[in-house]
Amino acid sequence: MSEKLLRVALLGYGTVGAGTYRMLQENRIAITEKIGFSVEITRIGIKDPSKERDLPASMFTTDLDSIVADPNVDVIIELIGGIEPAAQLVENALRNGKSVITANKELMAKHGSRLVQIAKDGKLDLHYEAAVGGGIPLIQPLKHQLAGNDVLKMMGILNGTTNYILTAMQQDGAEFGDVLAEAQAKGYAEADPTNDVDGFDTSYKIAILGSIAFGKQVPMEAVYREGIRKITKLDIQYADMLGYRIKLLGVIDAITDDRLRARVHPALIAKDHPLASVNGVYNALWIHGDFVGDVMFSGRGAGSDPTASAVIGDLIDVGRNRAANGPGSALPYGLGMQTEPIDTLVARYYVRLNVVDRPKVLGHIALAFGEFDVSLAAMEMRTLGEGKGEIVFLTHPCVEADFRGALAAMERDAVTSSIETWIRVEG
Ligand code: NDP
Ligand code: HSE
């Protein structure tokens, strides 16, 4: 850091990069006062030099390697996304003695343990508050204020795009495809919506949160993942009738002190649970700690401004640390997390079946559930005409492997035309 100046370079000038730049300009005085030094964005790395930008061309370069090697840059803010070249750039920046801020959840979920250790070894900062929950402070509270608790369970609505889609499907009676297009137009959905709607984005975020809460990296391959493509307007209506909302949840179940289950899937959540009323692009994280009890954080989880807010918060941390000649505050977490498969989950389940509309159908289905020790809690049914019927069941808590066994038995039974969908129930 030069005498009175923190020299910052942005890698990426898209939704979050441009928002970060703007926030730094608009709130410059307050930010300078909080750090005690001026902050200047000196260089910006981008991919496509032909794009029109709202800043002088001289600020931009496609040579990002030269930025992370530049002795006149103190802090790198990585806002490219994805693994490469982001991973190599972040590693090189740290090895060149620069503190790093990133909003890249995929990078942190897959390489967090290694990168944080490099930062720690170099007495540098590596912060990633924006990677989970956009503008909501989640990572710092987990690292600090809640760190004395054993986290027993965490459930989060961690993807703005899918929450926006599910909320619109529920409130406007819209279908999935139409609402997805709108979410992309508003800039909530990322370039490839697969990341959002198939649950990858949420799986990175819940893995990061689990890694911090349990002190070891949650391996991505151990995170069970389902997206929301299978959710229909009809299931949202049935859920409503039964007293639930449908949300895409990232969940961590603590099994023991060093063993957890990480899962991402749509879930019916009881209307009286605080997560049920988190709507639109809002995100929320609900945590149950052994001493703190239940806490919930909520706010805008995506978009240029809220995400910039988290990035700038990290930058202020880095600046204060540098101003105090501090050792950096990267909090390392190791490897070797023990994980539990989804089969052993004990939960309640919602299932919607199409059946043949004739006597004894219910008897067949009850038998299949009974054989696998699955007890039923609620049921709705209607005829669809032409000899077909639709039945919806809610089960009491049962082991997931047993529930799947019952479904397989029903599928083999001629009275079942199709198992249309099934969804886990929380709260
Ligand atoms: P955008 O796609 O809007 O912007 C990406 C930027 O990175 C662009 O400026 C692009 O250059 C640049 N870039 C991409 N690939 C390369 C490359 N290979 N070399 C050089 N530059 C490259 O992404 P977002 O701003 O939406 O997201 C940035 C990060 O923030 C991601 O990690 C994302 O997951 C995370 N994030 C995003 C949120 C959001 O609401 N959008 C919220 C929370 C986190 P060019 O301009 O030339 O195309
Ligand atoms: N696409 C992500 C979302 C951006 O919709 O939540 C924030 O990480």
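Trainee: How much space lies in the largest cavity?

Mentor: This is a predicted model in which local features need pLDDT of at least 70, side-chain atom pairs count only at pLDDT 80 or more, and totals for chains, interfaces and linings use all residues. Residues are numbered from 1 along each chain as its sequence is written, chains are lettered from A and ligands numbered from 1 in the order in which they are written, and side-chain values use heavy atoms, with hydrogens and water left out. A cavity is a set of points, on a 1 Å grid over the protein atoms alone, where a 1.4 Å probe fits but cannot get out; the volume, meaning the space filled by probe spheres set on the points, is about 40 Å³ for the largest cavity.

Trainee: Which residues line the largest cavity?

Mentor: Lining residues have an atom within 4 Å of a point. By that criterion the largest cavity is lined by Leu166, Thr167, Gln170, Ile236, Arg245, Ile246 and Lys247.

Trainee: Is Gln237 buried, partly exposed or exposed?

Mentor: Gln237 belongs to helix 11, residues 233–242, where a helix is a DSSP run of H or I with at least four residues, numbered from the N terminus. Buried means under 20% relative accessible area and exposed over 50%, with partly exposed in between, using a 1.4 Å probe and protein chains only. Because its relative accessibility is 45%, Gln237 counts as partly exposed.

Trainee: How is helix 4 oriented relative to helix 5, roughly parallel or roughly antiparallel?

Mentor: Helix 4 (residues 86–95) and helix 5 (residues 105–121) pack with their axes 10 Å apart, at an angle of about 10°. Angles under 35 degrees count as roughly parallel and those over 145 as roughly antiparallel, so helix 4 is, relative to helix 5, roughly parallel.

Technical notes:
Helices (H or I, at least four residues) and strands (E, at least two) are DSSP runs, numbered from the N terminus. On a 1 Å grid over the protein atoms alone, a cavity is a set of points where a 1.4 Å probe fits but cannot get out, and a pocket is an open set with protein on both sides within 12 Å along at least five of seven lines; lining residues have an atom within 4 Å of a point. Axes are lines fitted to C-alpha atoms, for helices over the stretch in contact, and angles run from 0 to 180 degrees between N-to-C directions. Angles under 35 degrees count as roughly parallel, over 145 as roughly antiparallel, 65 to 115 as roughly perpendicular and the rest as oblique.
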